[in-house]
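Please look over the model shown here before reading the briefing, which is arranged by topic.

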Amino acid sequence: MADESPKPVATIPRTSRPMSEALLNEKWDRCLSSLLIRSGLGLSFGIVFSVLLFKRRAWPAFVGLGFGAGRAWEECDNSFKRAAAPSKDGLRVIRP
């Protein structure tokens, strides 16, 4: 009984890349945070320009909000489309 030594625990090999669900969730999180940040920045720039240049009209704030949301949408769309294309990581591209 005194000779009991701890048994080695089998280690589970981990892959360097997470599962596809985790990658998709990560992309959606990045898209939503980008949407909030860029829309907020666009809205704030719109409010500043509205107060300083346009006699407190509402349309510059909405235009800034739209530009920020549109930019975030494009980046998100591009990140999802890039995932559909075959990856060229580590491959040499030969151009004619």
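Predicted model: local features only at pLDDT ≥ 70, side-chain atom pairs only at ≥ 80, totals over all residues.

Residues are numbered from 1 along each chain as its sequence is written, and side-chain values use heavy atoms, with hydrogens and water left out. A search of the whole structure finds two aromatic pairs, and a search of the whole structure also finds four salt bridges.

**Helix H1 and the annotated region**

- Helix H1 covers residues 20–52, where helices are DSSP runs of H or I with at least four residues and strands are runs of E with at least two, numbered from the N terminus.
- The 33 residues of H1 should span 48 Å at 1.5 Å a residue, and the end C-alpha atoms are 48 Å apart, which agrees; the expected span is 1.5 Å times one less than the number of residues.
- An unreviewed UniProt entry lists residues 35–54 as "transmembrane region", although such annotations may be inferred rather than shown by experiment.
- Over residues 35–54 the chain is 90% helix and 0% strand, with the end C-alpha atoms 26 Å apart.

**Buried residues and contacts**

- Within H1, the residues Cys-31, Ser-34, Ser-39, Gly-42, Gly-46 and Ser-50 are buried, a class that means under 20% relative accessible area, with exposed meaning over 50% and partly exposed lying in between (1.4 Å probe, protein chains only).
- Ser-50, which belongs to helix H1, has a relative accessible area of 6% and is therefore counted as buried.
- When residues up to four places away in sequence are not counted, Ser-50 touches Lys-55, Arg-56, Arg-57 and Pro-60, contact being defined as heavy atoms within 4.5 Å.
- Phe-80 is placed in helix H2 and, leaving aside neighbours within four places in sequence, is in contact with Leu-24, Lys-27, Trp-28 and Cys-31.
- The C-alpha atoms of Phe-80 and Cys-31 are 9.8 Å apart in space, although these residues are 49 residues apart in sequence.

**Aromatic pairs**

- A pair of aromatic rings is described by the distance of the centres and the angle of the planes; rings of Phe, Tyr and Trp (its six-membered ring) pair if their centres lie within 6.5 Å, and planes under 30 degrees apart count as stacked, over 60 as edge-to-face and the rest as tilted.
- Of the two aromatic pairs found in the whole structure, one joins Trp-28 and Phe-80, whose ring centres are 5.2 Å apart and whose planes stand at 50°, so the pair is tilted.
- Because Trp-28 lies in helix H1 and Phe-80 in helix H2 (residues 59–84), this pair ties together parts that are 52 residues apart in sequence.
- Phe-54 and Trp-59 form a tilted aromatic pair, with 4.8 Å centre to centre and 55° between the planes.
- Phe-54 counts as partly exposed at 33% relative accessibility, and Trp-59 is likewise partly exposed, with a relative accessible area of 47%.

**Salt bridges**

- A salt bridge is taken here as a side-chain nitrogen of Lys or Arg within 4 Å of a carboxyl oxygen of Asp or Glu.
- Glu-26 forms a salt bridge with Arg-30, with the closest N and O atoms 3.3 Å apart, and both residues lie in helix H1, four residues apart, or about one turn of the helix.
- Glu-26 is partly exposed, with a relative accessible area of 39%.
- Arg-71 and Glu-75 meet through their side chains in a salt bridge of 3.3 Å, N to O, and because they are four residues apart in helix H2, about one helical turn separates them.
- Arg-71 is partly exposed at a relative accessible area of 49%, and Glu-75 is partly exposed at 29%.
- Lys-81 and Asp-77 meet in a side-chain salt bridge of 3.4 Å, N to O, and these residues, too, are four residues apart in helix H2, so about one helical turn separates them.
- Lys-81 counts as exposed at 55% relative accessibility, whereas Asp-77 is partly exposed, with a relative accessible area of 28%.
- Salt bridges that share partners join Arg-38, Arg-71 and Glu-75 into one network.
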